Amino acid sequence: MWAKFRKKKKQSTWQFNSEKLFLAAAQDLKNIYSYFNTSRDGLTPHEADKRQLMYGKNEITHERKDKWFVMFIKTFINPFIGILMFLALLSLVIDVLMAAPEDREWATVIIISVMVAISGILRFYQEWKSGKATEALKKMVNNTASVYRYGDKETQEINISELVPGDLITLSAGDMVPADVRVIETKDLFISQSSLTGESDSVEKLPELLNRTHKSGSVIELDNICFMGSNVVSGSGKAIVVATGSCTHLGVVAKNLVGERVQTSFDKGINNVSLLLIRFMLVMVPFVFFVNGLTKGDWFDAFIFAVSVAVGLTPEMLPMIVTSNLAKGAITMSKRKTIVKNMNAIQSFGAMNVLCTDKTGTLTQDKIVLERYLNVHGEEDIRILRHAYFNSYFQTGLKNLMDKAILSHCKELGFEQIEKNYKK
């Protein structure tokens with residue numbers, strides 16, 4: 001029931017976010033400032049602070065980092081370690097309450113406790129160190145945005161976390177889009193949305209919708225909306241912030257992803273081993289206890305022997321051996337500039353036979369080669385290449401891979417000095 005409610009809530013959040021972006025895209029440029037309750041000179045500092053309190057920081061939802069003591073406790077929350085600690089506690093109770101002072105043996109308790117402590121401390125140290133390295137990398141990145149504030153003639157650079165809905169910002173080549181924004185002015189503005197769509201080709205953004213009847217498609221296809229997480233490839237523009245933080249398109253996606261981690265094969269394996277040990281103990285320990293008690297008549301000694309059998313069935317060294325191997329893998333990965341935040345992921349790396357990735361542009365040359373240029377009759381025609389060359393050379397927008405492939409034939413056409421012979 002709770003899962004259904006959460007799913008319904010996620011769907012309603014996504015739908016509300018999409019409707020808000022569709023409405024923002026459909027607004028006429030004449031009424032755009034009044035719709036967002038802002039002005040041509042931007043928000044006043046007082047209004048920006050007021051909206052900051054209302055909408056919060058412009059930060060997407062991410063996993064909350066645990067305190068060091070919580071992380072330390074979590075390293076010991078493990079089914080296998082739980083069995084060992086139960087056996088150690090049982091041995092301690094027997095030694096303290098039932099055995100005479102001279103007959104007490106602490107070897108079992110000490111061995112189990114030391115193995116568990118070493119395993120937990122190794123895991124905690126490695127994950128704590130990885131967390132520190134990750135935090136240090138985050139602090140090195142400080143993204144800013146160019147914002148108009150009422151009363152200032154020039155834009156000012158502020159941290160993107162301080163942006164609020166209604167802020168008037170400028171975009172230029174190389175900028176990261178700091179929030180979901182509605183474009184109001186552009187000059188050859190091309191945006192890369194590969195982080196959201198996976199498409200390598202850039203998309204041109206315009207102040208107005210090309211198709212105003214387009215309401216049933218994806219919000220990603222809107223011509224005048226730029227999304228948080230995308231970046232400006234070329235051109236420039238001016239835009240109004242529509243949504244910030246978790247209310248952005250990227251923020252909704254991130255919010256749906258944050259949650260409990262899915263159990264890996266390593267976690268399942270540890271749980272299966274623990275359950276197997278428990279089954280063995282549930283069968284063997286009572287059997288040994290009753291057989292020994294009935295044959296010898298000393299039920300206390302029979303109980304002590306049964307507990308010894310349970311301890312013997314449990315491999316105390318296993319947690320330390322497993323943790324040591326995972327830590328060694330994490331250290332090896334760190335030498336190759338890879339931070340492993342969760343040590344259990346090391347086993348997942350090792351369990352992979354085939355790794356599939358959809359990064360075509362990285363694996364290939366990210367290049368198109370023009371081999372032939374044909375007319376309508378299927379014959380090679382230099383005139384076709386010449387006109388295509390003019391189109392690619394004189395355009396003011398972004399030169400894509402097709403344009404670059406055509407422009408590489410300038411020597412074949414003798415167009416090294418084309419700017420002196422032709423004008424647009």
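Q: Which strand does Ser146 lie in?
A: Ser146 lies in strand β1. Keep in mind that this is a predicted model.

Q: Is Ser146 buried or exposed?
A: To read burial, look at relative accessible area: under 20% counts as buried. Ser146 has 14% relative accessibility, so this residue counts as buried.

Q: What does Ser146 touch?
A: Leaving aside residues up to four places away in sequence, Ser146 touches Thr155, Gln156, Glu157, Leu168, Ile169 and Thr170. With Glu157 there is also a polar contact, side chain to side chain, at 2.4 Å.

Q: How many of the residues of strand β1 are buried?
A: Strand β1 covers residues 144-148, and four of the five are buried, so the strand is largely enclosed by the rest of the structure.

Q: Which strands do bridges join to β1?
A: To read a sheet, follow the bridges from strand to strand. Four bridges join β1 to strand β2, residues 156-159, and the two run antiparallel. Three bridges join β1 to strand β3, residues 168-172, again antiparallel. Val147 shows both pairings: its bridge partner in β2 is Gln156, and in β3 it stands opposite Ile169. Tyr148 has Leu168 as its bridge partner in β3.

Q: How many bridges join β3 to strand β7?
A: Five bridges join β3 to β7, which spans residues 231-243, and these strands run antiparallel. Leu171, for example, has Gly237 as its bridge partner in β7.

Q: Now to helices. Which residues of α9 are buried?
A: Here is the general idea: an α-helix has 3.6 residues a turn, so residues three or four places apart point the same way. In α9 the buried residues are Phe266, Ile270, Ser274, Leu277, Met281, Val285, Val288, Asn292 and Gly293.

Q: How far apart are the end C-alpha atoms of helix α9?
A: They are 45 Å apart. At 1.5 Å a residue, the 32 residues of this helix (265-296) should span 46 Å, so the two values agree. Just after α9, Gly297 takes a positive phi of about 80 degrees.

Q: How many disulfides does the structure hold?
A: A disulfide is a covalent bond between the sulfur atoms of two cysteines. This structure holds zero disulfides.

Q: What are the distance and angle for the rings of Tyr389 and Tyr393?
A: Their centres are 6.2 Å apart and their planes stand at 10 degrees, so the pair is stacked. Both residues lie in helix α14 (residues 382-394), four residues apart, about one turn of the helix. Tyr389 is buried at 4% relative accessibility, whereas Tyr393 is partly exposed at 28%. Tyr389, Phe390, Tyr393 and Phe394 form one aromatic cluster.

Definitions and conventions. Residues are numbered from 1 along each chain as its sequence is written. This is a predicted model: local features need pLDDT of at least 70, side-chain atom pairs count only at pLDDT 80 or more; totals for chains, interfaces and linings use all residues. Side-chain values use heavy atoms; hydrogens and water are left out. The expected span of a helix is 1.5 Å times one less than its number of residues. Buried means under 20% relative accessible area, exposed over 50%, partly exposed in between (1.4 Å probe, protein chains only). Two strands pair if DSSP finds at least two bridges between them. A disulfide is a pair of cysteine sulfur atoms within 2.5 Å. A polar contact is a pair of N or O atoms within 3.5 Å; within protein, one must be able to donate a hydrogen and the other to accept it, and residues adjacent in sequence count only if both atoms are side-chain atoms. Contact means heavy atoms within 4.5 Å. Rings of Phe, Tyr and Trp (its six-membered ring) pair if their centres lie within 6.5 Å; planes under 30 degrees apart count as stacked, over 60 as edge-to-face and the rest as tilted.
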